Amino acid sequence: MPGLTIGDTVPNLELDSTHGKIRIHDYVGNGYVILFSHPGDFTPVCTTELAAMANYAKEFEKRGVKLLGISCDDVQSHKEWTKDIEAYKTGCKVMYPIMADPDRSAIKQLNMVDPDEKDSEGVQLPSRTLHIVGPDKKVKLSFLYPACTGRNMDEVLRAVDSLLTAAKHKVATPANWKPGECVVIQPGVSDDEAKKLFPQGFETADLPSKKGYLRFTKV
């Protein structure tokens with residue numbers, strides 16, 4: 001994927017939003033931010049997605065993670081659309097800011113351009129891109145979806161839990177991992193180091209290669 005990707009520093013853009021002017025680095029601060037784009041206001045899949053984001057906001061907040069949306073529509077359009085989003089899901093309140101990028105300059109810098117989707121004038125629209133940005137202002141994880149496919153918020157939450165767990169305990173999470181399940185010890189950690197880092201012990205999978213690289217533990 002060209003442009004902004006994992007490990008890159010997010011551009012410190014200042015944009016208008018439904019909460020006033022926002023400078024991205026200031027908004028990230030010392031925490032994590034889910035920065036996500038949507039193709040357009042008053043569109044069906046986007047409406048369901050932003051409602052889902054709003055419904056999951058408290059779960060993200062528990063983890064110290066803030067939400068920040070962006071699309072190419074203006075602030076007034078975002079505010080009017082928010083009424084539809086909240087009406088779509090009973091009890092839904094969009095408390096996170098949605099940034100405006102009417103000239104499409106920000107989505108290009110954030111690598112959020114859909115190569116296929118265009119507006120009535122032939123100008124490219126934002127893709128369904130989601131970057132999880134860390135306290136160091138760098139992209140830790142990215143999801144990229146086409147306009148026809150809505151995001152799975154359970155997977156976004158699971159990815160956040162994985163990133164936070166890995167950062168705190170120097171581990172990695174295996175396929176289909178969920179919080180509370182075993183994690184794996186990273187290959188760069190020797191068995192002697194692992195005994196110190198994980199006094200609760202660890203289990204090494206018995207594989208034909210006998211290399212001892214697949215080690216599970218609880219954190």
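Before you click anything: contact here means heavy atoms within 4.5 Å. This is a predicted model, where local features need pLDDT of at least 70 and side-chain atom pairs count only at pLDDT 80 or more, while totals for chains, interfaces and linings use all residues. Residues are numbered from 1 along each chain as its sequence is written, and side-chain values use heavy atoms, with hydrogens and water left out.

The C-alpha atoms fill a box of roughly 60 × 40 × 30 Å along the principal axes.

Next, select Thr129, in strand β8 (residues 128–133). Thr129 counts as buried because its relative accessibility is 1%; buried means under 20% relative accessible area, with a 1.4 Å probe and protein chains only. Across the chain, 44% of the 219 residues count as buried.

Now show what surrounds Thr129. Beyond neighbours within four places in sequence, its contacts are Leu35, Phe36, Ser37, Asn111, Met112, Phe143, Leu144 and Arg151. Zooming out, of the chain's contacts between residues at least 6 apart in sequence, 62% join residues at least 24 apart.

Last stop: select α2 (44–62) and β4 (65–71), the elements that each give two or more residues to the lining of the largest pocket. Of these, α2 provides the largest share, 5 residues.

Definitions and conventions: Helices (H or I, at least four residues) and strands (E, at least two) are DSSP runs, numbered from the N terminus. Buried means under 20% relative accessible area, exposed over 50%, partly exposed in between (1.4 Å probe, protein chains only).
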